[in-house]
Amino acid sequence: MTEQIIIIGSGFAARQLVTNLRRQDKQIPIMLIAADSGDQYNKPDLSHVFSLKQSADDLTQMSAEQFAQENNLKLQINTQVTAIDSQMKHIICGDQKLSYHKLVLATGAQAIVPSIPGRESMVTFNSQGEYRKHQSLLQTASRILVLGGGLVGTELAMDLHRAGKQVTVIDRAHSLLASLMPAELSCRLQHKLSQMGIRILLNNELVSIDKTDTELAVNLLDGHIVKADAVIAAIGIQPDLTLATTAGLKTGRGVCVNRQLQTSDEHIYALGDCAEIEGKIMPFLQPIQMSSLTLAKNLLGATESVIFPPMLLKVKTPDLPLFLAGDTQRDDLNWELSLSTEGIAARGFDAMKQLRAFVVSEQHTSKAFMMLRELNN
């Protein structure tokens with residue numbers, strides 16, 4: 001059998017892997033299977049489409065066909081993989097059976113939509129395809145409710161407001177960015193959003209959505225009703241485990257892999273938003289870049305382990321940008337906080353006075369890379 005590598009998925013992780021494979025081996029057979037058009041776009045750009053007045057098609061950077069040609073790979077677009085037969089080492093796509101030597105799951109994750117009455121009225125915003133599906137509604141809506149005050153929710157809320165929308169943000173947490181940093185450090189962003197005119201409802205949640213001919217009535221846990229033209233679910237993502245389950249692979253929140261990105265089947269690997277690396281899901285660009293480099297080497301015969309140093313995370317809220325790194329959620333850190341007209345500069349130290357985390361905003365973001373080096377020492 002030809003030693004073919006099959007990659008299921010066409011997002012950032014899959015493309016990074018192809019690029020790294022081709023840097024090391026120009027000829028090994030690679031097949032890329034995409035459930036969608038497979039066109040290349042930069043997912044973080046979704047955070048700014050409304051203020052920049054961009055359509056979904058404006059985000060396209062390269063067609064799938066051009067990418068396939070430039071990287072000497074076989075391509076199947078708009079193709080749904082329905083099952084994996086790990087014993088026979090082939091995948092099933094409708095009537096097709098495609099054999100692999102090594103298989104990579106880069107199937108990504110889906111946006112979580114809460115199971116409430118009226119959930120079908122909510123839209124998701126996790127891909128170019130989802131934006132394309134809902135762009136007419138979102139571009140014409142004047143009142144938009146964003147469910148989720150995390151990274152994606154806050155970025156979307158600011159961009160929608162900058163585009164002239166009336167925006168409400170709802171989150172069950174007591175502060176914005178609750179999974180990323182202490183409330184004392186996110187309060188500046190919360191204040192900025194409120195100052196801009198964005199309505200923020202914390203310690204609250206949706207219980208149902210009623211749809212009429214002209215609007216949505218969003219019923220909240222505290223009894224209030226918010227009227228909106230559109231509701232965006234931005235409370236997180238759920239890794240796609242469908243194919244991993246059919247192959248009998250070990251799964252947790254994601255497809256479980258070791259530091260070599262190998263699943264419980266030695267011939268199958270997982271990468272990107274769908275992968276759970278030793279208990280952690282890391283759906284950010286830098287860890288995916290590092291993982292794809294390691295995996296490319298391992299697919300070609302190496303046995304390297306991916307190691308993640310502290311990495312910088314950017315909250316892309318242009319009117320108040322935030323950078324953070326390290327264990328910002330550790331309960332035992334002592335924070336040294338500098339607050340001025342230039343923004344926030346916060347350092348978190350452990351009991352040994354070792355820097356373990358930092359958060360900087362606005363003009364202090366210029367210090368982020370220097371602080372990151374200190375964190376890595």
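The lining of the largest cavity has seven nonpolar residues, two polar ones and no charged ones. This is a predicted model. The residues around that cavity are Leu261, Leu271, Gly272, Ala275, Ile277, Met282, Pro287, Ile288 and Ser291. Two elements each give two or more residues to this lining: strand β22 (275–277) and helix α7. Helix α7 supplies the largest share, three residues. The volume of the largest cavity is about 60 Å³. How many cavities reach 30 Å³ or more? The count is one.

Stay with α7. Helix α7 spans residues 285–299, and its axis comes within 8 Å of the axis of helix α1, residues 12–24. The two axes cross at roughly 40°. The crossing of α1 past α7 is right-handed.

Which residues make this contact? From α1 come Phe12, Ala13, Gln16, Leu17, Asn20, Leu21 and Gln24. From α7 come Leu285, Ile288, Gln289, Ser292, Leu293, Leu295, Ala296, Lys297 and Leu299. By class, the contact of α1 with α7 holds 10 nonpolar residues, five polar and one charged. Ile288 links the two pictures: it lines the largest cavity, and it also takes part in the contact with α1.

Now move to another helix pair. Helix α4 covers residues 151–162 and helix α5 covers residues 183–196. Their axes come within 11 Å and cross at roughly 25°. Oblique or roughly parallel? The angle lies under 35 degrees, so α4 and α5 are roughly parallel to each other. Their crossing is left-handed. On the α4 side, the contact uses Thr154, Met158, His161 and Arg162. On the α5 side, Leu189, Leu193 and Met196 meet them. The residues of this contact of α4 with α5 divide into four nonpolar, two polar and one charged.

Last comes the open space. The second largest pocket has a volume of about 160 Å³. Its lining draws on several stretches of the sequence. Glu120, Ser121 and Val123 are among the lining residues, as is Leu137. Lys211, Thr212, Asp213, Thr214, Glu215 and Leu216 also line the pocket, together with Asp229. What classes do these residues fall into? Five are charged, three are polar and three are nonpolar.

Methods. Residues are numbered from 1 along each chain as its sequence is written. This is a predicted model: local features need pLDDT of at least 70, side-chain atom pairs count only at pLDDT 80 or more; totals for chains, interfaces and linings use all residues. Side-chain values use heavy atoms; hydrogens and water are left out. On a 1 Å grid over the protein atoms alone, a cavity is a set of points where a 1.4 Å probe fits but cannot get out, and a pocket is an open set with protein on both sides within 12 Å along at least five of seven lines; lining residues have an atom within 4 Å of a point. Grid points are joined across faces, edges and corners, and a volume is the space filled by probe spheres set on the points. Ala, Val, Leu, Ile, Met, Phe, Trp, Tyr, Cys and Pro count as nonpolar, Asp, Glu, Lys and Arg as charged, and the others, Gly among them, as polar. Axes are lines fitted to C-alpha atoms, for helices over the stretch in contact, and angles run from 0 to 180 degrees between N-to-C directions. Helices (H or I, at least four residues) and strands (E, at least two) are DSSP runs, numbered from the N terminus. A crossing is left-handed if the near helix is turned anticlockwise from the far one by less than a right angle, and right-handed if clockwise. Contact means heavy atoms within 4.5 Å. Angles under 35 degrees count as roughly parallel, over 145 as roughly antiparallel, 65 to 115 as roughly perpendicular and the rest as oblique.
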